[in-house]
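Me: I want to know what stands behind the labels on this model. Take me through them.
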Amino acid sequence: MHCVSLLPILTPSLIPISNTVRIYEYNNEIIGINIKSIVRKIHLLAFLKCISVYIQKMDCSFTHDLKSSLGLCISRASAAVLNLNCSLVLLPMCRSLLTFVRGTHTVSSRGTRRLLDKSKTFHVACGIAICIFSVVHVSAHLVNVVNFSTSYSDDFPALNLARYKGEVLPGVTGVLLVLILFLMFMSSSYCVRMSNYEIFWYTHNLFIVFYIILLVHMVGGALKYQTNMEAHPPGCLRANQSSARRQDENQDQDENRCSEDAHFQSHYPQTWLWVSGPLCLYCVERFYRYIRSGDPVTIVTVMKHPCDVIELRMVKKNFKARPGQYVVLNCPDVSTFENHPFTLTLCPTENKKTFGIHLRVVGDWTERLMQLLLPQSRVDMEILPIFQQRRYPKLYIDGPFGSPSEEVFNYDVSLCVAGGIGVTPFACVLQALLNDWTGFRLQRLYFVWVCRELQSFYWFADLICALHHKFWQENRPDYFNPKLYVSQAENLQTMYEEKYHQLTSRLLIGRPKWKLLFDEIGKANKQKRVGVFCCGPKGISRTLHRLCNSSTSWGTTFEFNKESFS
């Protein structure tokens, strides 16, 4: 058995993942710790198992005598972990598949769907593991190159990687893999993605070349095994030996004479057994998404809101989406390959096929898109009718894709916390409640929105007022509980419009007192499970996560869900 063929060995160790998630389904902190611990144990198991398999392999016993056994063991063990991670790193990027699994409630439990929320984190973790074990793998092979050069075997020439003693043969495919991996790793840093997204996009798509080279990397490998163990068992000292050693041997020991010389052969490349399945699945996924997003959307309305926010209303044939989902937007006139995710703020219905997004102008891509959508002569116009939009650029939509915000309706009580433009995932939820969507269990919704400027609330002020008025008219005032916070009190003005007077009483100055807010919600919802959904700065996210994991005196369980685009 080749030491990288560990899939049957590793499969049983994967079983505790689902069990752990199911047991600690409602404790986010424990879930994270156990998943990370299990991933580390899988890596360690693959690493140690491969070393033990290689050491115990009798058909590699001659290789053990070349003083390169340790380097080969480490290189093979790290290769097993690399194969495992290279096969898993693609799965979180199959967005359509994950969206389908999330939407299949009969198949996926709540714990499984919450596990899918960590797909981006899992992808990053696999990428980091690939980088770490690549360093280990390369270091071990550097030792192997030196050992094969200095420990040239005259008795078994077929075992040598070098053609003569002292020759150093660098692996071309290995050098290319390391170079590509280095470019992908460096361009994935936060500063590069924020300053120049196209660099990240181009270098990350080098994974196609990476996998092609990876599939042929093992051809003619350094690790070789003996093919004629019966004719030339280990310990046979007669055949394949130099004349100097033969003179020292006892010529009377005829029982140790071998019938033929030892024959060696490189291990057959088995990386394809690991990566072919996920790679084919990802290729099918990409082809499906390419076909689905081939037709451009029709722009119905463009609106300019305060604080450099633009609202797009669009129509596309056969487009269906659920509240909380997001789409990936591409504008070839801005950048051919650059794509950006945006949460749907308006979902299509059976009677109205229009859907919409809100985007904030931050960065070169959004600035260029705003210039194309709203020429300078039209910037001051709030609404542009459809007959004036003939010169708009082509926009392509890929999606929709699932997100944690879809789970808002699956709790009896939900708390939605938004920071600035992070309100967009919850705007579609509010719109669905206003449009009388049915088939969900939500009975009470707490909505907290924190902004720096008062003008930011005008993005969805009409929606919040309409929803508040709707539940008051239906004699359900406790169903929707909004709280609006203005963190900066400088030059603060009130929302003087008469139609927004309902929001004036909900408007607070400063930052929320999160502990008091959780105590208030816990007291009003004793012995219930409250879903907490956050889309905003990391500071708010960490605070909410910590409070969700802390115990409450009212027996209320808070489950944290973080919005994260993949």
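Reply: Start with exposure. Buried means under 20% relative accessible area, exposed over 50%, and partly exposed in between (1.4 Å probe, protein chains only). The model is predicted: local features need pLDDT of at least 70, side-chain atom pairs count only at pLDDT 80 or more, and totals for chains, interfaces and linings use all residues. Numbering starts from 1 along each chain as its sequence is written, and side-chain values use heavy atoms, without hydrogens and water.

Me: Why is Met186 called partly exposed?
Reply: Because its relative accessibility is 42%. That lies between the limits of 20% and 50%.

Me: Where is Met186 found?
Reply: In helix H8, residues 172-187. Helices here are DSSP runs of H or I with at least four residues; strands are runs of E with at least two, and both are numbered from the N terminus.

Me: What makes the nonpolar surface patch?
Reply: Leu179, Phe182, Leu183, Phe185 and Met186 make it, over about 490 Å². Patch residues have over 30% relative accessible area and no salt bridge, and nonpolar side chains (Val, Leu, Ile, Met, Phe, Trp, Tyr) are joined within 5 Å, like charges within 9 Å. A salt bridge would be a side-chain nitrogen of Lys or Arg within 4 Å of a carboxyl oxygen of Asp or Glu. Areas come from the Shrake-Rupley method with a 1.4 Å probe, and for residues only the protein chains shown count as cover.

Me: Why is helix H15 called largely enclosed?
Reply: Because 10 of the 11 residues of H15 (residues 424-434) are buried. Among them are Phe426, Val429 and Leu433. Asp436 follows H15, with a positive phi near 60°.

Me: What makes strand E6 largely enclosed?
Reply: 7 of the 8 residues of E6 (residues 339-346) are buried, so the rest of the structure largely encloses this strand.

Me: How do you know that E5 and E6 pair, and which way do they run?
Reply: Pairing takes at least two DSSP bridges between two strands. E5 (residues 326-330) and E6 have 5, and they run antiparallel. Val327 stands opposite Phe342 in E6.

Me: How many bridges join E6 to E7?
Reply: There are 2, again antiparallel, with E7 at residues 355-360. Leu346 stands opposite Gly356 in E7.

Me: What is the strand order in the open sheet of 6 strands?
Reply: E13-E12-E11-E10-E14-E15, with parallel pairing. E13 (507-509) and E15 (557-562) are called edge strands because each pairs on one side only.

Me: How many bridges join E11 and E12?
Reply: E11 (residues 444-451) and E12 (residues 480-486) share 7, in the parallel sense. Leu445 has Phe480 in E12 as its bridge partner.
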